[in-house]
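Work through these exercises with the structure in view. Try each task before reading its solution.

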Amino acid sequence: MDRQITASTCCYCGVGCGVLIEHDGERILGVSGDPAHPANFGKLCSKGSTLHLTGDLTARALYPELRLGKGLARSRTDWDTALDHAANVFAQTITEHGPDSVAFYISGQLLTEDYYAFNKLARALVGTNNIDSNSRLCMSSAVVGYKRSLGADAPPCNYEDLELSDCVMIVGSNMAYAHPILFRRLEEAKSRRPQMKVIVIDPRRTDTCDLADLHLAILPGTDVALFHGILHLLLWEDWIDRDFIKAHTEGLAELKKLVRDYTPTMVSQLCGISVEQLQQCAEWVGTSPSFLSLWCMGLNQSTAGSAKNSALINLHLATGQIGRPGAGPFSLTGQPNAMGGRETGSLSNLLPGHREAANAEHRAQVATYWGVDQLPENAGLTAIELFEQMRSGKIKALWIACTNPAQSMPDQTAVREALQACPFVVLQEAFHTTETAAFADLLLPAASWGEKDGTVTNSERRISHVRRAIGAPGEARSDWAITVDFAQRLEKHLRPGATSLFAFETPAQVFDEYKQLTRGRDLDLSGISHELIDQLGPQQWPFPTGAREGTARLYLDGVFPTASGRAQFVTDPYRAAKEQRDARFPLTLITGRLRDQWHGMSRTGTAAQLFGHVSEAVLSLHPDELRRHRLQPGDLINLKSRRGAVILPVSSDDSVRPGQAFLPMHWGDRFLKGGVNTLTLPAFDPLSKQPELKHSGVRLEPVNLPWQLFALIEGDVQQHLETLRPLCEAFSYASLSLAGRERPALLIRAASATAPEPQLLRDIDQCLGLNDGPVLAYDDPRRSIGKRVRIENSRITAIRLAGETLAQHWLQSLWLEGRADEQLRRWLLAPLSAPPGNTGAPASDSKTLCNCMNVSQNAVCAGISRGLDLQGLKQELGCGTQCGSCVPEIKRLLAATAQPVAVTS
Ligand SMILES: Nc1nc2c(c(=O)[nH]1)N[C@H]1C(S)=C(S)[C@@H](COP(=O)(O)OP(=O)(O)OC[C@H]3O[C@@H](n4cnc5c(=O)[nH]c(N)nc54)[C@H](O)[C@@H]3O)O[C@H]1N2
Ligand SMILES: Nc1nc2c(c(=O)[nH]1)N[C@H]1C(S)=C(S)[C@@H](COP(=O)(O)OP(=O)(O)OC[C@H]3O[C@@H](n4cnc5c(=O)[nH]c(N)nc54)[C@H](O)[C@@H]3O)O[C@H]1N2
Ligand code: SF4
Ligand SMILES: [Mo]
């Protein structure tokens with residue numbers, strides 16, 4: 001087939017950028033930004049622009065697979081057998097143990113139609129509220145925040161407000177990495193209007209701080225104290241909008257009593273910032289003509305997540321900064337369709353159309369619409385509670401779709417025990433490689449991005465059409481279709497003879513049924529259909545029947561969807577994060593995102609070039625902390641929390657403060673033995689039930705792992721990862737990653753206290769193709785040392801160093817440069833371990849800054865020392881000229897050369 005273009009939507013973050021997919025009907029060949037899409041106007045970030053390089057077929061789930069008994073391997077089956085079996089097991093479990101013995105754990109990355117089908121399945125057919133989603137780990141504090149303060153879960157702003165605002169407060173959000181296209185927009189606005197003030201509130205000095213006029217590096221978890229401290233000053237200085245407060249709010253009197261105690265001195269101490277910084281922040285918030293706040297997981301993922309959200313919204317209510325251009329509290333959505341999940345009621349406590357499962361009237365409305373007698377009354381389990389109940393045996397069948405809980409949930413030891421304990425686990429997944437796949441009794445292959453049709457809602461309430469470009473590989477099917485097919489089979493058991501509740505043939509039909517449940521509600525989108533979006537482009541709700549355009553901003557009239565029509569000041573005192581630093585666990589572990597990886601890396605982890613920016617799991621510590629622990633960058637440590645431990649190398653990083661440590665959230669057990677969430681805690685916010693993934697008490701323990709392994713192999717990296725990862729279980733430390741661009745390779749670094757059984761090394765060598773063929777080898781069994789390199793057509797194609805690995809970085813660079821020269825041969829055949837010359841150091845600054853143009857940090861630094869400025873670097877090296885994701889980092893390097901001491905605020 002000829003090359004074609006299909007306009008669709010990026011499957012990563014909640015910015016919801018439009019993408020043009022170039023394909024030939026079978027394969028996706030390229031992507032570019034859709035100039036007509038109002039979320040991005042043609043731009044894409046480093047993740048969006050590499051979408052076509054990800055999704056390796058080797059890693060995709062292609063056929064249904066069924067395990068017929070615990071301990072047995074899964075084997076391939078057909079869809080009929082798979083879904084009939086699932087319907088039998090679910091029906092039997094429901095009959096024997098009741099509807100609340102089964103549960104659904106779904107995802108903010110499903111499409112609205114998928115969600116709706118799941119919701120109806122759980123509540124109307126099964127009769128349980130046990131349906132929750134990974135948005136519980138992500139947006140549920142924002143949901144509670146909006147509802148408590150404003151009356152409905154509706155972000156009032158839009159993206160244009162970023163350009164129009166005079167003061168933008170970015171709090172608990174690293175938007176330079178996590179919402180890059182919005183960050184580009186803010187960068188441009190600020191360069192046009194430099195007088196615009198940008199405040200960043202984050203314990204770490206992130207790339208987002210590059211744009212900040214003021215960075216408040218508050219101590220982790222102290223946001224509520226900070227916001228109350230700001231309000232204290234707003235009241236004191238009379239920087240408040242009395243008319244707005246009087247006309248449109250209630251509850252300030254009580255809040256005033258609370259914030260009276262949050263004096264500047266006390267707040268500056270609690271938050272670890274200066275009084276001057278606090279005052280500056282309050283002045284800008286209180287005196288700027290317009291004030292916009294943007295926030296994300298630094299507020300939500302907290303045992304005080306709901307309080308943090310409302311304390312921030314309090315500032316908008318006190319200053320009347322809501323319901324007009326450039327102003328308002330704007331929660332940035334994480335996942336591409338977490339909004340759609342909230343709208344369709346896909347958290348256990350919600351129902352479709354922004355309704356409440358606990359509200360009898362709401363239940364009756366939905367039951368009537370669905371034509372069932374009633375909806376379940378029992379409260380449904382939220383994510384953390386669900387896995388706890390499963391661990392204790394109360395959940396007997398679990399259906400997981402589009403999420404990877406064995407990587408992303410906190411307290412992994414308990415989560416994996418729960419999955420192990422559950423008699424029947426169904427996993428609806430696009431990739432068979434995830435950590436959770438190992439626990440699935442039934443694996444159902446799902447169509448993924450570019451292969452499915454439906455809608456998503458982005459951060460600014462805008463609904464886009466996700467269009468299918470190519471067919472799904474193997475026997476993979478769309479999520480809504482799998483769900484509907486299963487539901488129809490389950491109906492035969494649970495409602496024999498009744499008319500089907502699931503007579504859907506297209507996702508557009510699912511949408512049309514769903515949208516009627518929003519009629520007359522705050523989010524009324526009954527005027528939208530797939531066809532309408534195709535005609536008019538993506539639209540913002542509310543969009544009631546008959547409307548010709550969406551709604552750009554909410555609450556312009558100051559009327560809020562609360563009982564009294566007034567917005568509510570919420571009076572919650574500051575409560576510290578659950579795990580405070582103490583003598584046993586003296587560091588706070590912060591987790592968060594990297595620029596080029598997405599969550600558990602099932603997709604981004606298939607593209608070697610996305611490892612160019614950060615190549616492997618390392619723990620970031622302030623240089624003082626390294627000195628205190630007598631550590632050098634690269635040293636391995638045992639990072640221990642109250643729940644578990646992970647061994648990994650440390651790095652020196654002055655963007656974290658002493659007393660803190662940072663670890664990216666992406667490294668699950670597949671890429672780093674144990675995975676980051678072995679350490680994190682399941683404690684959650686009392687209202688939102690969102691866990692405190694951002695702060696865990698940890699300590700560093702020295703390790704003595706003198707036996708080390710380094711391996712590299714080119715070729716089908718996903719296949720290699722799958723065969724080699726299980727062999728790494730024997731080591732105490734194991735980190736796997738990809739490298740290279742044109743010729744990707746799998747890299748393994750591992751260590752243990754003593755040499756492993758010789759058979760294990762032989763097995764590893766077998767997988768690496770190092771047992772025969774054009775292999776140069778040197779073995780010293782006496783010292784348990786050995787080195788092997790495979791050279792084909794004068795190129796290194798595989799390496800294995802065992803015992804010690806002094807030459808690993810040298811060998812890796814020879815491989816990268818395609819060099820297999822005499823020097824290598826001489827080194828290989830000699831008993832020496834150290835590389836020739838002084839080439840043993842890790843090439844830390846060889847990282848790729850600019851992924852689009854493949855420009856390394858080395859090259860940028862060399863350019864800077866030649867006197868190039870940003871413009872010069874762009875012209876000469878091309879870096880930063882495409883997606884722009886690397887520009888903040890380049891600016892930081894430029895600033896660091898200009899002034900040797902980095903200035904924090
Ligand atoms: N590249 C990339 N982008 C993504 C994703 C991804 O996986 N990769 N995931 C998407 C999803 S689902 C989400 S939810 C978003 C998340 O987007 P963000 O929330 O912006 O990302 P994080 O890095 O998780 O956390 C943001 C910041 O919170 C800071 N922080 C930690 N504790 C506190 C605190 O107590 N107070 C304050 N004020 N700040 C704190 C951290 O230092 C961190 O820099 O990203 C979305 N975009
Ligand atoms: N320590 C720590 N942990 C965290 C966080 C943190 O900041 N720190 N952040 C939390 C947050 S905010 C989030 S959102 C979660 C994310 O955690 P997860 O939801 O576990 O993240 P993903 O890896 O994106 O999982 C989505 C899965 O769906 C699969 N998939 C992709 N497309 C499709 C499809 O079309 N259909 C189906 N059925 N499957 C598909 C992917 O292969 C992938 O395995 O992680 C949370 N965990
Ligand atoms: S900002 Fe990047 S990841 Fe997010 S939707 Fe746009 S292109 Fe995709
Ligand atoms: Mo998220």
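## Exercise 1: Helices around H13

In this predicted model, Asp 223, Val 224, Phe 227, His 228, Ile 230, Leu 231 and Leu 234 of H7 make contact with Ala 307, Lys 308, Ala 311, Leu 312, Asn 314, Leu 315, Ala 318 and Thr 319 of H13. Sorted by class, this contact of H7 with H13 has 10 nonpolar, three polar and two charged residues.

**Task.** At roughly what angle do the axes of H7 and H13 cross? What is the handedness of the crossing?

**Solution.** 
1. Two packed helices are described by the angle between their axes and the distance between the axes.
2. The axes of H7 and H13 come within 8 Å. They cross at roughly 15°.
3. Angles under 35 degrees count as roughly parallel. Therefore H7 is roughly parallel to H13.
4. The crossing of H7 with H13 is left-handed.

**Task.** Now take H3 (residues 140-150) and H13 (residues 305-319). Which residues meet, and at roughly what angle do the axes cross?

**Solution.** 
1. From H3 come Ser 141, Ala 142, Val 144, Gly 145, Tyr 146, Arg 148, Ser 149 and Leu 150.
2. From H13 come Gly 305, Ser 306, Ala 307, Asn 309, Ser 310, Ile 313 and Leu 317.
3. The contact of H3 with H13 has seven nonpolar, seven polar and one charged residues.
4. The axes of H3 and H13 come within 8 Å and cross at roughly 45°. H3 is therefore oblique to H13.
5. The crossing of H3 and H13 is right-handed.

## Exercise 2: Buried places

**Task.** Is Ala 225 buried or exposed? Which residues does Ala 225 contact, leaving aside neighbours within four places in sequence?

**Solution.** 
1. Find Ala 225 in helix H7 (residues 223-237).
2. Its relative accessible area is 0%, so Ala 225 is buried.
3. Beyond neighbours within four places in sequence, Ala 225 is in contact with Tyr 262, Val 267, Leu 270, Cys 271 and Tyr 574.
4. Look also at Arg 575, 350 residues away along the chain from Ala 225. The C-alpha atoms of Ala 225 and Arg 575 are 8.3 Å apart.

**Task.** Why is helix H20 (residues 507-515) largely enclosed by the rest of the structure?

**Solution.** 
1. Seven of the nine residues of H20 are buried, so the helix is largely enclosed.
2. The buried residues are Pro 507, Ala 508, Val 510, Phe 511, Glu 513, Tyr 514 and Lys 515.
3. They pack against several elements, including helix H2 (112-126), strand S19 (454-457) and helix H21 (530-536).

## Exercise 3: Backbone features in loops

**Task.** What is the phi of Asp 411 near, and what is that of His 599 near?

**Solution.** 
1. Most residues other than glycine have a negative phi, and most peptide bonds are trans.
2. Asp 411 has a positive phi, near 55°. Asp 411 lies in the loop between helix H17 (405-408) and helix H18 (412-421).
3. His 599 has a positive phi, near 40°. His 599 is in the loop between S23 and S24. At 16% relative accessibility, His 599 is buried.
4. The peptide bond from Trp 541 to Pro 542 is cis, with omega near 0°. Pro 542 sits in the loop between strand S21 (539-540) and strand S22 (567-568).

## Exercise 4: Confidence

**Task.** Over which residues is the pLDDT below 50?

**Solution.** 
1. The protein averages a pLDDT of 96.
2. Over residues 900-905 the pLDDT is below 50.
3. Where pLDDT is low, the predicted coordinates should not be read in detail.

Notes:
Residues numbered from 1 in each chain as written. Chains lettered and ligands numbered in written order. Predicted model: local features only at pLDDT ≥ 70, side-chain atom pairs only at ≥ 80, totals over all residues. Heavy atoms only, no water. Axes fitted to C-alpha atoms, helices over the stretch in contact; angles between N-to-C directions. Helix = DSSP H or I, 4+ residues; strand = E, 2+ residues; numbered from the N terminus. Parallel < 35°, antiparallel > 145°, perpendicular 65-115°, else oblique. Left-handed = near helix turned anticlockwise from the far one by under 90°. Contact = heavy atoms within 4.5 Å. Nonpolar A, V, L, I, M, F, W, Y, C, P; charged D, E, K, R; others polar. Buried < 20%, exposed > 50% of the residue type's maximum accessible area, 1.4 Å probe, protein only. pLDDT = per-residue confidence, 0-100.
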